[in-house]
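Colleague: I am new to this structure and would like to know what lies behind the terms used for it. Please take me through them step by step.

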Amino acid sequence: MFAAQYARSLKAGDVVLLEGDMGAGKTVFAQGVALGLGIDDDITSPTYAYMNDYYGKLYHYDCYRLSSGAQAEALGLCDYFNAGGICLIEWAQNIADVLPENCKKVVINKISDNAREIIYG
């Protein structure tokens, strides 16, 4: 799985923005990153929790329901950018004004039900 291999290129403190339409596979990608980091928990979308913490190694965000960086700050979500884990952020454009500099980006385009194009950098 590509995401598990990609995880090996990440280091503590990296912030990765996961971009793609609803249903493109952002959470599935997060599951693969978790596996690559040695986390075998059930990785689910944190849509209602905003962020799931996996042992301080991985912080998985879903900012779909947020409308500003100020909301993310008020919820304490920005505190994790410097907590030493890897942050994966879905719907990061909703909190763009509080994201750290030098974020990595993964774009997932749904080609068909069983095919995705993944662009990263």
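**Strands, helix and surface**

Modeller: Strand 5 (residues 104-112) and strand 6 run antiparallel and are joined by six bridges. The model is a predicted one.

Colleague: What makes strand 5 and strand 6 a pair?

Modeller: Strands pair if there are at least two bridges between them, and strand 5 and strand 6 have six, so they meet the criterion. As one example, V106 has Y120 in strand 6 as its bridge partner.

Colleague: In what order do the six strands lie in the sheet?

Modeller: The order is 2-3-4-1-5-6, in an open sheet with mixed pairing.

Colleague: Why are strand 2 and strand 6 called edge strands?

Modeller: Strand 2 (51-54) and strand 6 (115-120) each pair on one side only. From one strand to the next, the twist averages 20°.

Colleague: Which strands does helix 2 touch where it packs on the sheet?

Modeller: Helix 2 touches strand 1 (15-19), strand 3 (58-62), strand 4 (86-90), strand 5 and strand 6. The direction of helix 2 makes about 175° with that of strand 3. Contact here means heavy atoms within 4.5 Å.

Colleague: Why is strand 3 described as largely enclosed by the rest of the structure?

Modeller: Buried means under 20% relative accessible area. Five of the five residues of strand 3 are buried, so the strand is largely enclosed. L58, H60 and D62 point one way, and Y59 and Y61 point the other way; all are buried.

Colleague: Is Y50 buried or exposed?

Modeller: The relative accessible area of Y50 is 18%. The limit for buried is under 20%, so Y50 counts as buried.

Colleague: Where else is phi positive in a residue other than glycine?

Modeller: N102 has a phi near 65°, and its place is in the loop between strand 4 and strand 5. The relative accessible area of N102 is 74%; exposed means over 50%, so N102 is exposed. Y55 also takes a positive phi, near 60°, in the hairpin of strand 2 and strand 3, which has three residues between the strands.

Colleague: Why is L35 called exposed?

Modeller: L35, in helix 2 (residues 26-36), has 55% relative accessibility. Exposed means over 50%, so L35 counts as exposed.

Colleague: Which residues form the nonpolar patch on the surface with L35?

Modeller: M1 and V28 form the patch with L35, and together the three residues have about 320 Å² of accessible area. A patch residue needs over 30% relative accessible area, and L35 has 55%.

Definitions and conventions:
Residues numbered from 1 in each chain as written. Predicted model: local features only at pLDDT ≥ 70, side-chain atom pairs only at ≥ 80, totals over all residues. Heavy atoms only, no water. Patch = residues over 30% accessible without salt bridge, like charges linked within 9 Å, V, L, I, M, F, W, Y side chains within 5 Å. Areas by Shrake-Rupley, 256 points an atom, 1.4 Å probe, with all protein chains shown as cover. Salt bridge = Lys/Arg side-chain N within 4 Å of Asp/Glu carboxyl O. Helix = DSSP H or I, 4+ residues; strand = E, 2+ residues; numbered from the N terminus. Buried < 20%, exposed > 50% of the residue type's maximum accessible area, 1.4 Å probe, protein only. Axes fitted to C-alpha atoms, helices over the stretch in contact; angles between N-to-C directions.
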